[in-house]
Amino acid sequence: MTYEEIYQKLHDIKLALEAGEISIDEMDEKIVEAKKLIKLCHEKLHETKKNIEDITSEEG
Amino acid sequence: MNKSLSLLQIQEYIKQVLLLNFEKPVWVTAEISQATERRGNYYLSLIQKKEGSNDVIAQCQAILWARDFESIAHKRDRGLLQDVLQDGVTIQFLSKIEYHERYGLKLRIHDIDSTYSLGQFYLQQKEIRQRLAKEGLLQKNKELAAPLVYQRLAILSSAGAAGYGDFVRQLEDNPFRFNYAITLFDVAVQGKAVLQDFEDAMQQIAANPDRFDAIVVIRGGGSKMDISGFDSYEMGKLLAHAPLPVLSGIGHERDETIADLVAYQDFKTPTAVADFINHENAVFEATINQLWTEMVKIGNYRCEEQTRHLHQLETSLYYLASHAITREEQKLHTLVQQLKTQAHSATDITLRDVEKIAIQLDGLNPRNILERGYALVQKDNHPIHTRKDLPNTPFDIIFHDGRVVVKEIES
């Protein structure tokens with residue numbers, strides 16, 4: 001799954017929460033899913049930043 | 001028997017006629033179809049073509065002895081003189097018409113107006129330029145897209161030419177440490193073979209143009225007529241149709257050659273071409289470096305921006321979830337309160353009913369009735385309701401404050 005797809009999923013969960021479309025029974029499941037997605041996003045961002053730093057240091 | 005002349009007599013007669021008619025040298029205009037130099041002597045084969053055609057309508061041999069050459073070179077430009085004594089050049093010369101009984105007619109050259117040849121040359125050049133322009137060939141090669149980098153170069157030059165050596169040195173000793181893939185097409189850069197060699201080389205390049213980024217035509221310094229191979233219409237057409245940009249560095253003193261004119265870009269010397277290539281590549285490298293810096297900057301910015309967005313989204317998700325839970329808790333609390341209230345209310349009603357019943361029951365309680373002054377007659381704990389049921393045996397009268405046993409009654 002790409003970063004954009006993950007981010008979109010998170011955004012959709014947020015919109016559903018805002019609209020009150022998520023029941024209490026679903027919420028636990030959705031929050032766990034959101035947590036996993038956020039972790040994935042962070043990992044992808046860190047990986048990208050690290051790649052940029054690595055290439056920059058190679059160039060130097 | 002007919003009277004006849006000997007061969008010598010007829011030759012002597014022709015010689016006499018010529019001497020009488022061409023006592024003094026005359027100026028002659030003719031095209032050199034072939035010039036051969038041996039020990040400083042020039043042997044020229046002269047022709048005249050029919051106007052507007054290649055048909056030869058007159059032909060003659062001429063000779064320029066070494067001592068006459070030196071004499072002319074002394075009073076005119078030696079270099080230019082050498083230049084005009086080339087195949088294909090139209091010359092105007094002062095000639096003594098000589099006739100030898102054995103070798104026939106020969107024009108002995110005493111002087112050459114080299115400026116006339118130069119003028120003729122420029123006139124010819126002008127016509128070629130006009131033709132190339134008319135056919136759209138002056139711009140054709142220039143319209144090709146410039147390569148991003150000039151790295152794989154097809155060089156059309158002579159391996160032994162000084163210009164080629166200068167070019168390679170200048171290219172390889174570049175301060176940027178660029179590496180080049182140079183493929184030399186060893187072609188003649190002087191004489192009759194120039195065009196054919198260039199056509200062969202161009203055919204090889206055109207067969208697989210992706211192998212190269214550009215074509216470089218180089219030749220070291222040359223005199224005006226030396227580089228005539230680069231001044232023909234055919235050469236112009238060939239280079240104009242080249243599948244890759246042509247960079248020309250034909251070292252010469254005068255203005256552009258036809259090859260320069262049709263090239264993608266022309267330079268005065270081979271080293272100038274090398275400088276241009278190094279410069280273009282340096283510009284490209286600088287652009288790439290600049291792009292890289294910008295990419296890193298944008299990449300970092302985007303990562304930071306996304307981290308911020310993600311953080312905001314995370315906060316907002318947890319807030320919304322907490323809020324939803326709190327809202328549900330409140331709803332639950334309200335419901336409990338409502339239940340309690342309703343339960344109390346229901347209890348109160350029941351209590352009131354019970355109390356009412358209790359009062360009613362209380363009213364029915366025999367003890368309370370007894371207190372009001374009534375008494376209860378019982379026999380063996382069973383109530384006696386009527387007189388006739390009153391037994392003779394003892395029975396009980398129950399008052400509110402105690403029991404009396406009646407053992408006997410009067411009838």
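**Exercise 1. A residue on the surface of chain B**

At 56% relative accessibility, B:Y13 counts as exposed. The model is predicted: local features need pLDDT of at least 70, side-chain atom pairs count only at pLDDT 80 or more, and totals for chains, interfaces and linings use all residues. Residues are numbered from 1 along each chain as its sequence is written, chains are lettered from A and ligands numbered from 1 in the order in which they are written, and side-chain values use heavy atoms, with hydrogens and water left out.

Task: State where B:Y13 lies and which nonpolar surface patch includes B:Y13.

Solution. 
- Step 1. Apply the classes of relative accessible area: buried is under 20%, exposed is over 50%, and partly exposed is in between (1.4 Å probe, protein chains only). B:Y13, at 56%, is therefore exposed.
- Step 2. Locate the residue: B:Y13 belongs to helix α1 (residues 7–21) of chain B. Helices (H or I, at least four residues) and strands (E, at least two) are DSSP runs, numbered from the N terminus.
- Step 3. Identify the patch: B:L5, B:L7, B:I10, B:Y13, B:I14 and B:V17 make a nonpolar surface patch of about 590 Å². Patches are made of residues with over 30% relative accessible area and no salt bridge; like charges are joined within 9 Å, nonpolar side chains (Val, Leu, Ile, Met, Phe, Trp, Tyr) within 5 Å. Accessible areas come from the Shrake-Rupley method with a 1.4 Å probe, and for residues only the protein chains shown count as cover.

**Exercise 2. Chain A and the cysteines**

Task: Describe the make-up of chain A, and determine how many disulfides the whole structure holds.

Solution. 
- Step 1. Chain A has 2 helices and 0 strands.
- Step 2. Of the 60 residues in chain A, 28% are buried. The accessible surface of this chain is about 4200 Å², and carbon and sulfur atoms account for 50% of that area.
- Step 3. With a disulfide taken as a pair of cysteine sulfur atoms within 2.5 Å, the search over all chains finds 0 disulfides.

**Exercise 3. Salt bridges**

Task: Examine the salt bridges A:K14 to A:E18, B:R78 to B:E70 and B:E305 to B:R302, and classify each partner by accessibility.

Solution. 
- Step 1. The criterion is a side-chain nitrogen of Lys or Arg within 4 Å of a carboxyl oxygen of Asp or Glu. By this rule there are 19 salt bridges over all chains.
- Step 2. A:K14 and A:E18 meet at 3.7 Å, N to O. Both lie in helix α1 (residues 3–18) of chain A, 4 residues apart, about one turn of the helix. A:K14 is buried at 19%, whereas A:E18 is partly exposed at 46%.
- Step 3. In the pair B:R78 and B:E70, the closest N and O atoms are 2.7 Å apart. B:R78 is partly exposed at 36%, and B:E70 is partly exposed at 40%.
- Step 4. For B:E305 and B:R302 the closest N and O atoms are 3.7 Å apart. These residues are separated by about one helical turn, because they are 3 residues apart in helix α10 (residues 270–364) of chain B. B:E305 is buried at 19%, while B:R302 is partly exposed at 42%.
- Step 5. A:K9, A:K30 and A:E33 form one network through salt bridges that share partners.

**Exercise 4. Strand pairing in chain B**

Task: Determine the sense in which β6 and β7 of chain B pair, and which strands stand at the edges of the sheet that contains β12 and β14.

Solution. 
- Step 1. Two strands pair if DSSP finds at least two bridges between them. Strand β6 (residues 152–157) and strand β7 (residues 181–186) of chain B are parallel, with 6 bridges. B:S157 stands opposite B:D186 in β7(B).
- Step 2. Helix α6 (residues 162–172) of chain B carries the chain from β6(B) to β7(B) in a right-handed β-α-β crossover. Right-handed means that, with the strands pointing away from the viewer, the path from the first strand over the helix to the second runs clockwise.
- Step 3. A further open sheet of chain B has 4 strands in the order β12-β11-β13-β14, with antiparallel pairing. β12 (382–383) and β14 (402–406) stand at the edges, each with a single partner strand, so one side of each lacks a neighbour in the sheet.
- Step 4. Within this sheet, β11 (residues 376–379) and β13 (residues 395–399) of chain B pair in the antiparallel sense over 3 bridges. B:L376 has B:I398 in β13(B) as its bridge partner.
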